[in-house]
Amino acid sequence: MKIRLASTLQSDSVVDGLGIRTVIWTQGCAHACPGCHNKQTHNFDGGVEFELEDIKKEISNLVGQTGITFSGGDPLYQIEAVIELAKYIKTLNMDIWLYTGFTYEEVLKMPLGKDLLNSIDIMVDGKYELAKRSLDAPFRGSTNQRIIDCKKTVLEGKLVLVDDLMKKRNTQPLFQKPEGIFI
Ligand code: SF4
């Protein structure tokens with residue numbers, strides 16, 4: 001299986017989830033949020049396709065990373081490949097964050113939505129809403145987005161937010177653009 005990415009893997013991010021993280025910037029997004037900072041990731045024919053096996057090898061060689069973050073673009077346009085990678089990442093005992101423009105409720109309706117929630121730790125959901133942009137919301141671009149604890153959500157059968165992070169005030173820059181972008 002292949003995955004289309006917007007850039008090479010980006011290590012040592014501290015703004016795409018807790019800890020020191022490697023970001024997988026997926027290519028392709030149709031949400032068209034006004035004010036999007038990553039427009040170069042929208043084109044579904046852009047970026048470069050990689051074999052999942054090659055990405056797995058790269059992840060297995062990472063050093064000093066707390067976990068992996070899927071961002072983009074929107075990773076859920078390639079949900080099958082994301083789930084396969086997430087299952088592999090779990091064998092390495094790394095935690096997984098995922099950013100999507102879809103809401104949790106929309107993800108639940110996707111054929112593989114529940115599999116996805118079972119495969120990752122944290123999902124930050126919803127479109128970027130310029131009118132709700134906040135400099136005070138860590139790990140979120142706008143306050144409509146929710147930081148969801150996927151493990152607890154699956155266990156309790158209802159949406160569970162990471163309350164500490166939802167209430168926390170930001171001390172980090174809001175966005176970190178992909179480096180080494182292909183286009
Ligand atoms: S979901 Fe993300 S990448 Fe897609 S348009 Fe919205 S902000 Fe941009």
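Does Asn93 count as buried or exposed, and how many C-beta neighbours lie inside 10 Å? Asn93 counts as exposed, because it has 7 C-beta neighbours inside 10 Å; a residue is termed buried if 20 or more other C-beta atoms lie within 10 Å of its own, exposed if 12 or fewer, and partly exposed in between, with C-beta atoms placed from the backbone. The model is a predicted one, in which local features need pLDDT of at least 70 and side-chain atom pairs count only at pLDDT 80 or more, while totals for chains, interfaces and linings use all residues. Residues are numbered from 1 along each chain as its sequence is written.

The protein chain contains 6 helices and 8 strands (DSSP runs numbered from the N terminus, helices being H or I of at least four residues and strands E of at least two). In order from the N terminus, the elements run β-β-β-β-α-β-α-β-α-α-β-β-α-α. The radius of gyration of the protein chain, 15 Å, is close to the 16 Å that the globule rule gives for 183 residues, so the chain is as compact as a globular protein of that length (the radius is taken over C-alpha atoms, and the rule is 2.2 Å times the number of residues to the power 0.38). Along the principal axes, the C-alpha atoms fill a box of roughly 40 × 35 × 35 Å. Of the 183 residues, 36% are buried.

The largest nonpolar core comprises 31 residues, such a core being a set of buried Ala, Val, Leu, Ile, Met, Phe, Trp, Tyr and Cys residues joined through C-beta atoms within 7 Å. Helix 2 gives the most to this core, with 5 residues. Among the residues with the most contacts inside the core are Ile96, Leu98 and Val124. Val124 touches Trp97, Tyr99, Phe139, Arg140, Gln145 and Ile147, not counting residues up to four places away in sequence (contact requires C-beta atoms, placed from the backbone, within 7 Å).

The ligand is surrounded by 13 residues, the closest being Cys29, Cys33, Cys36, Gly101 and Tyr128; the criterion is a C-beta atom, placed from the backbone, within 6 Å.

Several backbone features were also identified. Asn93, in the loop between helix 2 and strand 6, has a positive phi near 60°. Asp12, in strand 2 (residues 10-13), likewise has a positive phi, of about 65°, and is exposed, with 12 other C-beta atoms within 10 Å. The peptide bond from Gly72 to Gly73 is cis, with omega near 15°, and Gly73 lies in the loop between strand 5 and helix 2.

Methods:
Two residues are in contact if their C-beta atoms, placed from the backbone, lie within 7 Å.
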